[in-house]
Amino acid sequence: MRRFRPALYRLLAERARYGRLALACGAREPAQLLFRRELERWRREPGLQVRVTVDAAGPDWTGEVGVVTKLLPKLRFDPSECVAMMCGPELMMRLAARTLADLGVPASRMWVSLERSMKCAVGTCGHCQFGPHFVCRDGPVFRLDAVERLLAGREI
């Protein structure tokens with residue numbers, strides 16, 4: 001979520017240019033949720049749906065429990081107008097992309113943030129190579145249809 005927080009602020013600042021917004025975020029447990037105060041403030045924003053879940057929680061947690069992909073069908077959006085931005089573990093992004101595709105969102109309207117071990121930051125050392133791409137030079141945010149085949153593989 002850290003990667004897309006500035007994008008959310010930009011979308012909120014330019015509300016007239018955009019329709020409804022939705023934020024689905026998750027963490028392993030409540031203590032690992034980022035920006036808790038902001039999440040509460042964003043819940044009060046008109047036109048912004050905020051759904052939060054955790055994988056596991058104690059009895060004091062009153063929110064949803066489960067993986068973040070379970071939140072996606074609960075959001076109200078038009079798949080033909082939707083632009084989805086995802087960050088987090090690659091497995092979660094693959095599953096979220098599959099769920100969004102099942103809901104009708106084309107891969108050309110999905111964006112993923114790929115965090116790789118970067119050393120040189122100019123694409124010469126190869127530590128962040130992702131198929132033909134260098135995350136440090138070409139990303140770290142990619143349109144899904146450009147990297148979807150690579151995301152399906154393991155240990156690339």
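**View 1. Met 85 sits partly exposed in a predicted model.** With a relative accessibility of 39%, Met 85 counts as partly exposed. Like every view here, this one shows a predicted model. To find Met 85, look in strand E4, which spans residues 84-86. Met 85 also belongs to a nonpolar patch on the surface, together with Val 83, Trp 111 and Val 141. Taken together, these four residues have about 310 Å² of accessible area.

**View 2. A cis peptide bond joins Gly 139 and Pro 140.** Most peptide bonds are trans. Here, omega for the bond between Gly 139 and Pro 140 is about 15°. Pro 140 lies in a loop, with helix H4 (135-138) on one side and strand E8 (141-143) on the other.

**View 3. Phe 35 has a positive phi.** Most residues other than glycine have a negative phi. Phe 35 is not a glycine, yet its phi is about 55°. This residue is found in the loop that links strand E1 (21-27) with helix H2 (36-43). How accessible is Phe 35? Its relative accessibility is 22%, so Phe 35 counts as partly exposed.

**View 4. Glu 38 is buried in helix H2.** Is Glu 38 buried or exposed? The relative accessible area of Glu 38 is 10%, and because the cut-off for buried is under 20%, Glu 38 counts as buried. Leaving aside residues up to four places away in sequence, Glu 38 touches Arg 5 and Tyr 9.

**View 5. Strand E1 has a covered face and an uncovered one.** On the covered face you will find Leu 21, Leu 23, Cys 25 and Ala 27. The uncovered face carries Ala 22, Ala 24 and Gly 26. E1 pairs with strand E2 (residues 48-54) in the parallel sense, over seven bridges. Going from E1 to E2, the chain passes through H2, and this β-α-β crossover is right-handed. Two pairs are handy landmarks: Leu 23 has Val 50 as its bridge partner in E2, and Cys 25 stands opposite Val 52 of E2.

**View 6. Three strands make an open sheet in the order E1-E2-E3.** The pairing in this sheet is parallel. Which strands stand at the edges? E1 and strand E3 (64-65) do, and each has a single partner strand, so one side of each is left without a neighbour in the sheet. E2 is mostly covered, with six of its seven residues buried. On the way from E2 to E3, two bridges join the strands, which run parallel. For a landmark on this side, look for Val 54, which stands opposite Val 65 in E3.

Notes. Residues are numbered from 1 along each chain as its sequence is written. This is a predicted model: local features need pLDDT of at least 70, side-chain atom pairs count only at pLDDT 80 or more; totals for chains, interfaces and linings use all residues. Side-chain values use heavy atoms; hydrogens and water are left out. Patches are made of residues with over 30% relative accessible area and no salt bridge: like charges are joined within 9 Å, nonpolar side chains (Val, Leu, Ile, Met, Phe, Trp, Tyr) within 5 Å. Accessible areas come from the Shrake-Rupley method with a 1.4 Å probe; for residues, only the protein chains shown count as cover. A salt bridge is a side-chain nitrogen of Lys or Arg within 4 Å of a carboxyl oxygen of Asp or Glu. Helices (H or I, at least four residues) and strands (E, at least two) are DSSP runs, numbered from the N terminus. Buried means under 20% relative accessible area, exposed over 50%, partly exposed in between (1.4 Å probe, protein chains only). Contact means heavy atoms within 4.5 Å. Two strands pair if DSSP finds at least two bridges between them. A crossover is right-handed if, with the strands pointing away from the viewer, the path from the first strand over the helix to the second runs clockwise.
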